[in-house]
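Take a moment to look over the model below.

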Amino acid sequence: MKNFRKGPIEKSVIQTIAEEILWNCPKKDDRFAMFCVIAESIEENGREKLTPVQVRKSLYRMKEKGYIKERTKEISEEEMEVSFEFTKKGKQVLRGYKFDELKLDQPKKWDNKWRFVMFDVPEKRRYARDVLRDKLKKMGFFQVQQSVWVYPYDCGEEMDLVADFLGVSNYLLYFTATVERDHKLRKYFEKRGFKL
């Protein structure tokens, strides 16, 4: 779990090829054209500027580490289709980046419902439990009790990602409820700029 942080170039390349789903170069195996496209896409997405050579080196380094697989398919004698896809190990790295950068949106209008996250992670999974608590705190949740946290907006998808990444889905409960005496909750979130 601790090993998902990679260098900034690898991170940009991994995230960009994930966003674009498949990278193919069908004309005479023109890998350089593909590297150029990936480099342009990285820059367009607001990440650092990379040269096609840096992209190539990063892709082949990731291939050696087992994060991606290169697939080639012969179309004709002169044409070859090349694509890169994530391995299981590569998907885990990508999930790590998503987990690390995860933030919750604040819709303009609140529906007067609270989102609760409750968990009972066993002692043998203590590290995952501590990371979960830390992540909830960073995401802006309010801690009601040690393992009960509240947030005013829908965050089910984000909680699925967190629970899946930490491997604690079986120990976590997420639900929506109304609370009659919620003055303390409102005060906490309004103090932090939420419009409730």
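What follows goes from confidence to the sheet, then to one residue beside it.

This is a predicted model. The chain has a mean pLDDT of 81, and 77% of its residues reach 70 or more. Two stretches call for care. Residues 1-5 have pLDDT below 50, and this stretch has 11 contacts in the model beyond near neighbours in sequence. Residues 21-29 also fall below 50, with 30 contacts counted in that way. Where pLDDT is low, the predicted coordinates should not be read in detail.

Now turn to the sheet. Four strands form an open sheet in the order β5-β6-β4-β7, and their pairing is antiparallel. At the edges sit β5 (142-145) and β7 (172-177), each of which pairs on one side only. From one strand to the next, the twist averages 25 degrees. Strands of a sheet pair through backbone hydrogen bonds, either parallel or antiparallel.

Look at β4, residues 114-119. Six bridges join β4 to β7 in the antiparallel sense.

Follow the chain on to D182. This residue lies in the loop between β7 and α7 (183-191). Is D182 buried or exposed? Its relative accessible area is 7%, under the 20% cut-off, so D182 counts as buried. Leaving out residues up to four places away in sequence, D182 touches W110 and W114. With W114 there is also a polar contact: the side chains of D182 and W114 are joined at 3.1 Å.

Conventions
Residues numbered from 1 in each chain as written. Predicted model: local features only at pLDDT ≥ 70, side-chain atom pairs only at ≥ 80, totals over all residues. Heavy atoms only, no water. Pairing = 2+ DSSP bridges. Helix = DSSP H or I, 4+ residues; strand = E, 2+ residues; numbered from the N terminus. Axes fitted to C-alpha atoms, helices over the stretch in contact; angles between N-to-C directions. pLDDT = per-residue confidence, 0-100. Contact = heavy atoms within 4.5 Å. Buried < 20%, exposed > 50% of the residue type's maximum accessible area, 1.4 Å probe, protein only. Polar contact = N/O pair within 3.5 Å; in protein donor to acceptor, adjacent residues only side chain to side chain.
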